[in-house]
Amino acid sequence: MFSSKKSFSSKRKETWIKTIFGSSAVTSIIILSLIIAFLFKEGIGFFGQNKSELDLFRKSGMEFSSLITGQHDSQTLIYRYLENILANESKYAESMEPDSSEIISAQDRNKKLLEFSRNFQDIKEILLEYEKDIVEMAAETKQFILIQNLIKELRLIARKHKLTEEDFSISMDEIDKRKKFSSREIEKWSNYFFRQGFEDEAKSLSALLINYDTSLAPFYYYDRTTEIVESYSITYQPLIRKQNQEFEEIFKNFNPKFSLKKSVEDFRKVKIAFVEYLNTTELFDKKIKEWNPEKPYPLADAFSSFFLGRDWITNSARQDWYGVLPLLSGSLLITLIALLLAVPFGLGSAIYVSQVANTKEKSLIKPAIELIASIPSILIGFFGISMLGGWITVFADERLNSLTAGCLLALMAVPTIFSLAEDALNNVSLRLREASFALGATKLQTCLRVVIPSALSGMISAVLLGFGRVIGETMVVLLCAGNRIAIPDFTEGFSVLAEPVHTMTGIIAQEMGEVEYESIHYRALFMVGIVLFLITLGINFFAQNLTHKIQNK
Amino acid sequence: MTSFTKPTVKKNKPSKSLNAIEVNDLSFAYGKNEVLNSISLEILRNKVTSFIGPSGCGKSTLLRCFNRMNELLENARIIKGSVVVEGHDIYEKTVDPIELRKRIGMVFQNSNPFPKTIYQNVAYGLKIQGVKSKRKIDEIVENSLIQAALWDEVKDRLNANAYELSGGQQQRLCIARTLAVEPEIILMDEPCSSLDPVATARVEELILSLKEQYTIVVVTHNMQQAGRISDLTAFFYLGKLIEFDETKKIFINPKMKQTEDYICGKFG
Ligand SMILES: Nc1ncnc2c1ncn2[C@@H]1O[C@H](COP(=O)(O)OP(=O)(O)O)[C@@H](O)[C@H]1O
Ligand SMILES: [Mg+2]
């Protein structure tokens, strides 16, 4: 009787414990899935918006203009190189005796180059004008298409709510065909929506009037896009051909003798850049010829322009780009630097503390390392800006760069790696160590051959969690990474380690406060968040799997 | 015979005594807790000596004094006395505990193979001594496993993880691992305590067969086991050596009342 009562109450206790632990596990799962669902809900719309942005980019002629700008830019680059060489040479000449024979002959030799560079500048000016025109045209066209789209949208709204047509009778077809909307018309439609009680719609129409004052410029959209292509083949292509021929002549047949060694080297570089440039012109010509404003972008491009996009350009006058690569590579570079520093230090001190240190040392080192974890990251950022940045300038041009941020993040990752690795090492049973000692192994041998191999997966997961800690850190990178949005130049060798970069976390923190709700920029930031989340999730999953493995061993 | 003293010191007088280990008036403490109290005894060469006594009486501690395993614990200290192995006081500064442990092997209460393959477990002691020749290692691994009566059971799966073996096999693997280092003395701390009777019988057989070549000290809980395998038996109680004699005498005709009580199962 007594015993059955006891077992009854203990059963109830058991169910209670089960419910408490079970419900907290369920809660965390629910919260996790809510976060995932929320992130995806906000982020996934990016691709649809991105596709229509891309289509607009093409339809408006913006794409065309940026093709030309790109080509123009690479020309300008080569030109700058040349100018640079000439400037260096003439500076050198000035420092010499004015009528020394060496200088005179050198000036003679460089004359041709100088002449070319002048001619080139003239042509460049013309091209620049042309480019400006095209950009302007594209901007106007883009604006027009936006207005067209807005009116189409309003048309749909009117139809959906079965409004009477009185003052807003324009049909879908007509909107598409129109090349102009007058301000009188727009005002009329705005009033119409206002009368119908659609205030927001009315406002969006009257906003057009404020932006464009009293009358909208006439847009000859279709004519203009064809004009764009034609003007290229008539005006631009001959110029570019002529220029390329001149270039070719200079670079293939002309071998100037420079007074400066540096100039010789620079000229060699110009040559290489030029060959590359010539190779791309063909592709460029093809792109221009195939360019068709009516052809929509493939859906895949909406994805690849994000996941493989090399530019993150926002609030641009021309076209915004949301490519995650510069941010991803910045984050990964900083993480790599941080781990390169933190892993040896974290694992090393974990091994020391768990295997070598005596009680006194342990009681000193452990709290010291764990104390680092308690420093608020903003203070670590201060330290980076005020002190570390200064020290870093010994190797780098700028105070704030990936190395600065990487060092600080290493500092923050050490406690994580240390604590987890130390746990893993301490979990290696004393019996195994004793067995090794009893066979005549030294402490070092025991450590290297028994303890570390047994704790290896635990140590790896410590490193992985350190990775997660570093890549998710925001404040320090925002303050100390230099915030230049560019893919680090990995061809630069070791100096890539000290380039200013921007990061995924940094960009979200920096831009999220200013973006318009549900705009494409807003969604792009969510997509960056999703990428970050997937990376950390993957890493944690991997780390857990490893820990699981050792526990099952 | 190699010496375990550091090579710089040359006081290597070969000892002709029959005693493998001599313990002289040894007192030992963990912190303030004195667990061995003025112990003196001799372990004879090529004999099996059993340590018996109720749990907590200091058998393991004494055993671990023989190969200086206790000094891995921070609070362990010798209060007085000495342990002499082959004529050397092993607690002298000139003695290298690493060399000492190569010559005095130890098998633990719970089998503790490394989480490595069977082969690697046996080869471990050789590898840390820097033996490189694969042939030599192969040969010693095989011999050790044969000596430990495990060879036939594992010869086809030397590269399997040691944890795939049964408990008894694991313990014999640990013995093989110890034999591979070619010690002169083997210390065993309750080697059969976690084994079933069949596995226990096999290990006992093994101990008897090793007696020819090695000096063996076995801590055991099991009186019958001490009777079966040992030539000499020492009975400890509360950190003191109560009685030490030939096993037969201890079991048939104990001199001390406490010994008799323990053997008859009156306490412990
Ligand atoms: N590492 C240790 N630290 C402190 N006390 C210990 C330690 N190991 C054993 N002891 C104590 O020393 C006494 C003897 O232990 P031990 O030699 O293991 O006994 P036995 O092997 O005879 O059962 C026991 O009272 C035990 O509590
Ligand atoms: Mg014991």
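**Entry 1: the contact between the chains**

I counted seven residue pairs in polar contact between chain B and chain A, both residues of each pair being at pLDDT 80 or more. I note at the outset that this is a predicted model.

I then looked up which parts of chain B face chain A. The elements that give two or more residues to that side are helix H2 (97-103), strand E6 (104-107), helix H3 (118-128) and helix H6 (167-180) of chain B. By class, I recorded 13 nonpolar, four polar and seven charged residues on this side of chain B.

For the contact as a whole, I found 24 residues from chain B and 18 residues from chain A. Together the two chains bury about 1,900 Å², with 62% of it on carbon and sulfur atoms.

I searched the interface for salt bridges and found one. Arg64(B) pairs with Glu434(A), and their closest N and O atoms are 2.7 Å apart.

I listed the residues around ligand 1, among them Tyr30(B), Val35(B), Cys57(B), Leu73(B) and Asn75(B). The shell holds four nonpolar, six polar and one charged residues. Helix H1 (residues 59-66) of chain B contributes the most to the shell, with three residues.

I next checked the distances to oxygen atoms of ligand 1. A polar backbone atom of Gly58(B) is 3.0 Å from one such oxygen atom, and a backbone N or O atom of Lys59(B) lies 2.9 Å from an oxygen atom of the ligand. For Thr61(B), I noted a side-chain N or O atom 2.4 Å from a ligand oxygen atom. Ligand 1 has 560 Å² of accessible area on its own, and the protein covers 62% of this.

Definitions and conventions: Residues numbered from 1 in each chain as written. Chains lettered and ligands numbered in written order. Predicted model: local features only at pLDDT ≥ 70, side-chain atom pairs only at ≥ 80, totals over all residues. Heavy atoms only, no water. Contact = heavy atoms within 4.5 Å. Buried area = accessible area lost by both parts, 1.4 Å probe. Salt bridge = Lys/Arg side-chain N within 4 Å of Asp/Glu carboxyl O. Polar contact = N/O pair within 3.5 Å; in protein donor to acceptor, adjacent residues only side chain to side chain. Helix = DSSP H or I, 4+ residues; strand = E, 2+ residues; numbered from the N terminus. Nonpolar A, V, L, I, M, F, W, Y, C, P; charged D, E, K, R; others polar. Near = heavy atom within 4 Å. Areas by Shrake-Rupley, 256 points an atom, 1.4 Å probe, with all protein chains shown as cover.
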